[in-house]
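My notebook is open and a new structure is on the screen. I will write down what I look up, one entry at a time.

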Amino acid sequence: MEGSPAVSSETRPPKLVIEGVSKWFTPKRNIVQALDNVSLSVAKGEFVCLLGPSGCGKSTLLDIVAGLTKPDEGRVIADGKVVEGPGRQRLVMFQESALFPWLDAFGNVMFGLKLRPDLTNAERRRIANEYLDLVGLAKFKHAHVHELSGGMKQRVALARALAPDPHVLLMDEPFAALDAMTRDQLYDDIQRIWMESRKTIIFVTHNVREAVCLGDRIVLMSPSPGRIAQVFEIPLPRPRDINSPELASYASRIAAALKGSKNGVVSE
Amino acid sequence: MRRLAVALLFFAVLIGAWELAVRSGRWSAVLLPSPIFVGEYIWGAILDGTLVESTWVTLKRLLVGYAAGVLIGLPLGLLTSTSQFLEDTVGALALGFQTLPSVCWVPLALVWFGQTEGAMLFVVIMGTVWSVIIATDHGARNIPPIFARAARTMGSEGFHKWTRVILPASLPFLVSGMKQGWAFAWRSLMAAEIYVTILTGFGLGHLLHYGRELNAMEQVIGVMIVIVVIGLLVDRLLFSPWERFLHLRWGTNVKET
């Protein structure tokens with residue numbers, strides 16, 4: 001395990017580079033630093049989990065990578081280009097359902113595809129059906145959003161984010177609002193889909209087990225100001241079972257480090 | 001079905017109480033006609049066509065004025081919701097004029113347009129447009145920001161974002177705004193018809209007005225009942241089902257009125 005803030009542990013070329021990103025917020029007179037000089041490099045096809053307590057700036061960092069928020073200092077480079085705004089190459093799956101209720105499941109998946117001028121309509125339909133099938137919702141393609149359960153909504157959201165074939169998938173605590181059983185099922189699905197598609201994924205969470213179950217690498221962040229405290233490699237074989245004992249031993253070590261980072265002390 | 005029965009029973013009791021009050025003889029039958037007389041008037045006026053004709057004239061005016069009010073109000077409301085500047089200027093103007101009872105526009109309309117359909121239309125539009133602006137603005141501001149964020153990441157910008165995301169997302173609120181606009185248009189038109197006497201069309205408001213001049217209280221009360229029933233029917237048949245459907249599907253649980 002390594003403890004340095006800027007890590008490029010892989011030999012593969014970096015897909016995404018975060019360089020010295022800082023961000024301040026100014027709610028009511030006082031200035032709060034959300035992110036302090038955060039640097040991180042993510043390899044192609046890597047599954048990176050940003051883990052930390054609330055207020056550590058992990059969601060802000062994800063927003064900056066997505067291009068939805070501009071950093072005050074530093075920059076994000078994706079595929080060798082500086083990120084200036086949101087783009088199809090980095091799609092976000094949000095914590096709460098961001099599905100459009102005026103469209104059905106199929107229409108939601110088609111939304112992003114229709115914004116790709118390089119596809120014909122027949123191709124768009126084929127791709128949308130393919131991804132609904134991938135998340136196991138082929139039968140519900142014409143269901144409206146209010147008819148879907150929480151887990152199904154997030155599956156549609158996953159299909160919507162994957163269908164336009166982004167290079168990087170950004171996930172902002174996508175399972176936080178779901179019950180434990182639905183979540184366990186989705187951990188299996190997301191691992192299966194990731195192994196098939198080999199997308200680069202950045203996954204934000206405050207759940208240690210979730211991070212160990214999903215991530216190749218866990219970037220532990222500490223709050224006020226948001227910094228990278230420690231980075232953990234998780235060499236466990238896949239698919240991983242969130243209830244397995246090996247996973248639990250990693251999780252307990254990281255949980256201990258998390259406690260330390262909350263108190264402002266970083267210990268190995 | 002049960003709810004309908006309860007409502008029917010309630011109105012039956014209300015009419016019964018009215019009839020009893022008339023029979024008690026405490027009030028002059030000229031001032032308080034029996035519900036039977038009022039019923040006879042309504043039935044007679046339907047048969048001889050005056051009521052149907054007046055309703056038609058009124059509804060035509062209403063439709064034109066209301067449509068114009070909505071067409072002006074919706075885009076303005078969407079605009080004020082996007083910019084602080086427009087909110088502080090047009091928004092404040094709308095709020096001010098919304099508090100102005102629409103009958104207050106009648107003197108101005110009479111001077112500007114004379115005894116014309118134009119005056120009538122002006123009053124209806126002035127009565128409608130401000131409440132539509134405010135309801136639309138309120139609705140568009142209540143759209144969950146996550147919709148716009150999700151749309152932006154998928155590459156939806158500008159015109160596409162407006163027509164494919166902001167507009168459909170605010171649809172339940174737009175319908176609420178249109179419903180409120182309808183109520184205001186209906187009130188304004190009645191005010192206009194009572195005060196603007198013209199020969200190009202004899203609406204329900206005129207019928208009400210002449211009922212008073214002829215001291216025919218059964219006509220006054222009969223027309224009032226027709227006005228209430230039309231207002232209720234349009235709300236129940238046109239707006240409420242639509243509103244309920246949209247709020248259910250959009251998951252926006254705004255309390256029904």
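**Entry 1: the two domains of chain A.** I started with domain 1 and domain 2 of chain A, whose C-alpha centres lie 26 Å apart. Domain 1 is made of 1-89 + 166-268, and domain 2 covers 100-165; domain bounds like these come from an automatic or database domain assignment.

I noted how to read the model, too: it is predicted, so local features need pLDDT of at least 70 and side-chain atom pairs count only at pLDDT 80 or more, while totals for chains, interfaces and linings use all residues. Residues are numbered from 1 along each chain as its sequence is written, and chains are lettered from A and ligands numbered from 1 in the order in which they are written.

Entry 2: I looked up the contacts next (two residues are in contact if their C-beta atoms, placed from the backbone, lie within 7 Å). In chain A, 12 residues of domain 1 are in contact with 10 residues of domain 2. Helix α5 (residues 180-197) of chain A gives the largest share of the domain 1 side, 5 residues. I checked what helix means here: helices (H or I, at least four residues) and strands (E, at least two) are DSSP runs, numbered from the N terminus. By class, I found 8 nonpolar, 2 polar and 2 charged residues on that side of domain 1. Ala, Val, Leu, Ile, Met, Phe, Trp, Tyr, Cys and Pro count as nonpolar, Asp, Glu, Lys and Arg as charged, and the others, Gly among them, as polar.

Entry 3: Is A:T60 buried or exposed? I looked up the rule: a residue is buried if 20 or more other C-beta atoms lie within 10 Å of its own, exposed if 12 or fewer, and partly exposed in between, with C-beta atoms placed from the backbone. A:T60 is buried, because 21 other C-beta atoms lie within 10 Å. This residue sits in helix α1 (residues 58-66) of chain A. Leaving out residues up to four places away in sequence, A:T60 touches A:K23, A:A34, A:L35, A:T69 and A:G226. In α1(A), 9 of the 9 residues are buried, so the helix is largely enclosed by the rest of the structure.

Entry 4: Most residues other than glycine have a negative phi, and most peptide bonds are trans. I found a cis bond from A:S224 to A:P225, with omega near -10°; A:P225 is in the loop between β9 (217-222) and β10 (227-233) of chain A. Another cis bond joins A:R238 and A:P239, with omega about -5°.

A:E173 is not a glycine, yet its phi is positive, about 40°. I placed A:E173 in the loop between β7 (168-172) and α5 of chain A. B:N215, also not a glycine, has a positive phi of about 55°. B:N215 counts as exposed because it has 10 C-beta neighbours inside 10 Å.

Entry 5: Chain B has 11 helices and 0 strands. Its C-alpha trace spans about 75 × 50 × 30 Å along the principal axes. Of the 257 residues in chain B, 37% are buried.

Which residues meet across the chains? I counted 15 residues of chain B in contact with 19 residues of chain A. On the chain B side, α7(B) gives the largest share, 6 residues. That side divides into 8 nonpolar, 4 polar and 3 charged residues.
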